[in-house]
Each structure stands twice: as structure tokens, then as C-alpha cells.
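Please read them alongside the sequence and the coordinates.

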Amino acid sequence: MRRARLLGSLLVLTTTLGCDGTLGVDAEEGIDEAAGAGRRAAASLQAQETARVCETGGLGLRQRTGPGLGYGILRVMPEGAATTILEGAGGWYRNRWNGLTGWSFGDFLCPAAAANEPAPAPNEPAPAPAPPAPSSGKVSLQTIVGGPYTLSQGYGPSSFYGGYGYCHSYGHWPTGQNVHCAVDVAIARGTPLYAGAGAKVIAAGGTPWFKDDLNPGAGELRLRLADGTEVIYGHTASVEVALGATVAAGQRIGTSGSAGTGAHLHLEVRVPGNCTLGLCTVDPVSFFGP
Ligand SMILES: [Zn+2]
């Protein structure tokens, strides 16, 4: 874009043809451009605003006696020069620089604030890395879902539709009672999810149990902790770890999805215990901490 503009400007320069046939430019001449050709739309400067000469490739910007290429060249303002805008017309700006006024093409005038923006320091030290997640133990539910959350469905007896038969099969929920043996965390689809503890991945998408409405290939992430505890992330939209992989507490493992009632994470914890299946569900909020 800028190259095209520069080439266009060459047409109005006093150009010389070098011995090798290349186009040479006398830097003293400065540049401007045929009005309308590739003009930067952002060149909307206000009267009394300070602008700086910019993007001239070091050639500088011409001040002319009027708003157009047909007017004579008064002087060349160097790249970076601060000039005061007086009025604008058709992409040209009458401006005052060093006490003298003239018209310059707006393509090469940047708002002073933008032009003054300091370049990023090349050797600025990188911010200190976040402290590593604890290698043993667990992280909080807030860490698992990456921030504050609300529960759309708590753990335990519930008037929520359905009997959750699989909950009853653990043996510590009376048959026939509507029960939700997990928590539903109301978080937006696509929210990153993190491992609640160091664990092995024993299900990584595509199971028939906890589907995602939009991505059947994802849907469930299941972790097994060293003590045999299983943690289920239900309705995941994406799975970012492989079956059999080992994950660390706090490690990103996928994103949350949606099912049935909307976007949420179904988080379920089953700890070894004297239940029918040898695993008993527990409240994930108590297990991980809020
Ligand atoms: Zn649920």
C-alpha cells in the first residue's frame, strides 16, 4: 500500500534516471501525491491540531502554495516535523510549520499523538512467568474454569428434569429421586478448562455419556487421579489432551461446550469408596474448593 503510494508520488517528483536505469529521487524535493490516489481514509485532521510528517520514507513532505499538485512548492518539511493544521480541503491541509503556512497532502500527515507513540523497547524483559501450579494436590474450581463462576445446577437432590439414573447406580442416591450428582458451571461456550489435579486422561472426547451439542467428537474429558478419583468434564466443546496423557494441576485441557439447557460445564467427581460401583460421587465444590 505504502509502496504504491510512494511510487505514485514519484510521478510528481523531479526524477532522474540513474545509469543503471533505476529511478532516482532527490531527497531534497520531498513528496506528495495525486489527490485521491490511495489516500489514507484516516487523514481527518482538525483545525489547530498538531500533526507530524509521517510515512515519507525519509523524503519529507512538500508544502505548496495551494491545495493541489498544480501549485508551486514552497518548502519540504522533514519526516517527523510537527506542523499545525489550519484547514483541510480534498485531502490537502493548510498547515503552519516554522511560522510559514502552505498546503500539504494529508496522506503524509499523522496525528501527533500517534506519530509520537514510542516504539516498544527492544530488550524489555519479559514479564515474570506465572508461578507454576502446585504439582501435587488440587486447584480450586475457580482455577478449573479460569475465573469467577456461578452454578446453574448444584450438587444433590434437584427438581431438575430427569432422574439421572446413573447417579443412583452409585448406590448412595435413592432410586427414583431426581438428583444431580455433579455441578453445572454456567460458563460461555469456548471457555478454557484446566485440570483440577495432576492426573491421567482416561477419556478424551467422543464418549456417549456427556455430549456437546455442537461437537460430538468432543463432549467428555475424564481424568483419573493417583488415588483413583475420577473427574469428569462433561459437554466439552474441544479436547486438547490425548487419551493416556498425563496432565498437571492447572494445565489447560480443553474448552467448555453446551448441552440441552445451554452453555455449561458439567463437572463431576467420583472418589473411591464403599458405593455400588466402588466410586462415590461427591460435591466438586467441596472436593476442589470454590
Ligand atoms: Zn450436569
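**Disulfides and the metal site**

1. The torsion about the S-S bond of Cys-275 and Cys-280 is about 115°, so this disulfide (a pair of cysteine sulfur atoms within 2.5 Å) is right-handed. The sulfur atoms of Cys-275 and Cys-280 lie 1.9 Å apart, and both residues are buried, that is, under 20% relative accessible area with a 1.4 Å probe and protein chains only.

2. This is a predicted model, in which local features need pLDDT of at least 70 and side-chain atom pairs count only at pLDDT 80 or more, while totals for chains, interfaces and linings use all residues. Residues are numbered from 1 along each chain as its sequence is written, and side-chain values use heavy atoms, with hydrogens and water left out.

3. The whole structure holds three disulfides. Cys-54 and Cys-110 form one with sulfur atoms 2.0 Å apart, and its S-S torsion is about 85°, so it is right-handed. For Cys-167 and Cys-181, also joined at 2.0 Å, the torsion is about -75°, so that disulfide is left-handed. In sequence order, the bonded cysteines of the chain pair as 1-2, 3-4, 5-6.

4. The zinc ion is coordinated by His-180 (NE2), Asp-184 (OD) and His-266 (ND1) at 2.0 to 2.3 Å; donors are N, O and S atoms within 2.8 Å of the metal (3.2 Å for Na, K and Ca), and water is not among the atoms, so sites may look incomplete. Along the chain the donors follow the spacing H-x3-D-x81-H. Both Asp-184 and His-266 are buried.

How values were computed. Buried means under 20% relative accessible area, exposed over 50%, partly exposed in between (1.4 Å probe, protein chains only).
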